[in-house]
Amino acid sequence: MKEKRDWYDYTIGICLIIVLAVIPLFVSAVRTDITISESSIRGGSSVTDVFSYYKSLALCFVAFFLGAVFLMFVPEKGYKKYNFGHPIFFCGLAFMFLAFISFIMTPYKDIALAGISERYENVWVLLSYMVFMIITFKYCENQFRMRFIVFGIFLGAFIIGIVGYFQYLGMDFFETDLGTKYILGKDYTGKPITARFDEVYSFLYNPNCVGMFCALVLPFTLTLAISLPIFTEKKFGVDGIFKVCAIILSFILACNLIGSSSEGGLIAVFCSLFMGAVIALIYILKNKKYKECSKIFSACITALVVVIILGAGYYVANNESVQSKIKDNIDIFMGNTQAKTGYYFQSFSVDNDKNRIDISTFENGGDQNLYVDYDERGQVVKLSDNKGIIGEFEFSVDAIKNLENKQEIFNATTFYGTELEVGVYLRKNDTIPFFDIKNGKVFIHFTVSDSGKISVTDNFYELYSPDKKAERIGFEGSETFGTGRGYIWSRSIPLVLLNGLRGIVFGSGPDSFSVVFPQYELQEKLMYLGNPYIIVDKPHNFYLQTAINTGLLSLIALGVLFILYIYRTIRSIMRDEVKDRLVISLKFAFLMGIVGYLIAALATDSTVSVSPAFWIMIGAGFAVTEFSGIKRDYLSK
């Protein structure tokens, strides 16, 4: 007999599906004003966002609605409405409290309220994550409700994955007329846009986000594809439909993962599946009396391990770029070498005695030096190499005022096969001259100080001080590890450890990482990140991101939550209290997905494009573990 459903079952379920499968599709260009705090690191008064702003707003709106419904109307059905002793309540509410206190105490309240550009993971979004997790946990008390979650995950993964799959094949939806109209709306001019990335990015902002999404969802779908039965009671029912969908999605997501070129995502998926194989093997050995399941699981585990090993080996053996990255990162981590950033300019040094700036370059596979000298008497800038002068121009206020266009661009003599672009212009009310030297996408700003010395300038055309160095911990000589992550981590760790009680309890404030990171290290950013003016807006590590933004205590609260979830789920699997194939499969699937995300989080940050799915899945994972006595109540029966 079917259990009666009420409005609550459908309302909460549909809202969670919207979070999982609809909000990730919010991709639209919008011009937003930057906050006063952000203006300290970013020029201009506004920025264009495509992937994050509307997602952030929608998440907060849905969370507010869900929270209101949950607090006022959630029905009690055989269990306590609130159980504050449970880890998901205790840790979740502790994080909410600490995040809100961080917002109260931060000097960057405008950022904490609105979020930083292109991220918008403000305090309200952080609170929304916890709302999604707690409500999902209390909602998923039976398999009818759990089916909403699985359907939402599958639907979101299919839409995101199919767009990514075509990008993997070289057909980018967003570069078509329809895709460009989808992003630009009424601002569409009839010309398709050109994507920022050659890799798969889908609706998720960048390839790293795709890698993290795949690390979360691919182990989930692959586990269900392997463990779910095709037939239930000799009938092709809901379990069989889930299995077929999981198989298809696993293939699509695997292509997305490969196409994203996300090493962190690949490693996370491999580690997650390997851990799952070990747990499944132990489960079989402890439950030999389930002969039928044991045979199926044994065959699947053997096939999985073989596929993982052969697939990983084949992929690495036939991909020279992957081999090179693995070798380079090992050498860099061991301190044996520093990788070239891949850009033309590699580093610069200032010689005040010679009134010269020496720019190290990497062109055509070799190291060269470009010298920028200033002749104070003749007010002339000279560009030269070891063979002699390759170009020069008069550099003074009067000379630049005589230009018809005060941003006139001209090409200097070819430098080792590369054409340098030099821009000369005025700043500060047309009283101070500046010039740029540019090659490709990377440029360096220069000016002459009041003392007549040539100098590099920052984003705001203020004189760069080479003596101003940031605190650093670790990665000495390994700064280019993980595409510059070694440098970012070495400057991020001190932001937690050297701020005393404030860093431990309050952090710097939600989404404020970029304004506390030492953006003034122009030379180091050029050497290790390839661009002296790049704004480092994230630490490329979810755990560092949490500790810096909302404090070390908030990270501890989440760490306790993650550890207890993994421990309780593994213990529940081993006890096999329900002896239901679907329940065991869901426990495994949620565990594999969550572990994959937590591993990928070592090299990737929390974002509004991916994180909501993680928090819903951890809520559902706790539910299927804790409420393992839920009954099988398919409507089809």
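Mentor: Of the contacts in the protein chain with a separation of 6 or more, 67% are between residues 24 or more positions apart, where contact means heavy atoms within 4.5 Å. This is a predicted model, in which local features need pLDDT of at least 70 and side-chain atom pairs count only at pLDDT 80 or more, while totals for chains, interfaces and linings use all residues. Residues are numbered from 1 along each chain as its sequence is written, and side-chain values use heavy atoms, with hydrogens and water left out.

Trainee: How many helices and strands are there in the protein chain?

Mentor: The protein chain has 21 helices and 12 strands, taken as DSSP runs numbered from the N terminus (H or I, at least four residues, for helices; E, at least two, for strands).

Trainee: And what share of the residues is buried?

Mentor: Buried residues are 55% of the 637 in the protein chain; buried means under 20% relative accessible area, exposed over 50%, and partly exposed in between, with a 1.4 Å probe and protein chains only.

Trainee: Which residues have the most contacts inside the largest nonpolar core?

Mentor: Phe-562, Phe-590, Trp-615 and Ile-618 do, in a core of 132 residues, a nonpolar core being a set of buried Ala, Val, Leu, Ile, Met, Phe, Trp, Tyr and Cys residues joined through side-chain atoms within 4.5 Å. Helix α20 (residues 581-600) supplies the largest share of this core, with 14 residues. A second, separate core has 28 residues, among them Tyr-344, Leu-370, Val-448 and Leu-522.

Trainee: Back to Ile-618, what does it touch?

Mentor: Leaving aside residues up to four places away in sequence, Ile-618 touches Ile-88, Met-133, Leu-561, Phe-562, Tyr-565 and Ile-594.

Trainee: Switching to helix packing, how do the axes of α3 and α5 cross?

Mentor: The axes of helix α3 (residues 87-105) and helix α5 (residues 123-139) come within 10 Å and cross at roughly 170°, with axes as lines fitted to C-alpha atoms, for helices over the stretch in contact, and angles running from 0 to 180 degrees between N-to-C directions. The two helices are therefore roughly antiparallel to each other, since angles under 35 degrees count as roughly parallel, over 145 as roughly antiparallel, 65 to 115 as roughly perpendicular and the rest as oblique. Residues making the contact include Ile-88, Phe-95 and Phe-103 of α3, and Trp-124, Met-133 and Phe-137 of α5.

Trainee: What about aromatic pairs, how many are there?

Mentor: The count comes to 41 aromatic pairs, where rings of Phe, Tyr and Trp (its six-membered ring) pair if their centres lie within 6.5 Å, and planes under 30 degrees apart count as stacked, over 60 as edge-to-face and the rest as tilted. Phe-154 and Phe-220 have ring centres 6.3 Å apart and planes at 75°, so this pair is edge-to-face. The pair links distant parts of the chain, with Phe-154 in helix α6 (residues 143-168) and Phe-220 in helix α8 (residues 207-227), 66 residues apart.

Trainee: Last one, where is Phe-434?

Mentor: Phe-434 is in strand β10 (residues 432-439) and counts as buried at 2% relative accessibility. Its C-alpha atom is separated by 9.4 Å from that of Ile-400, 34 residues apart along the chain.
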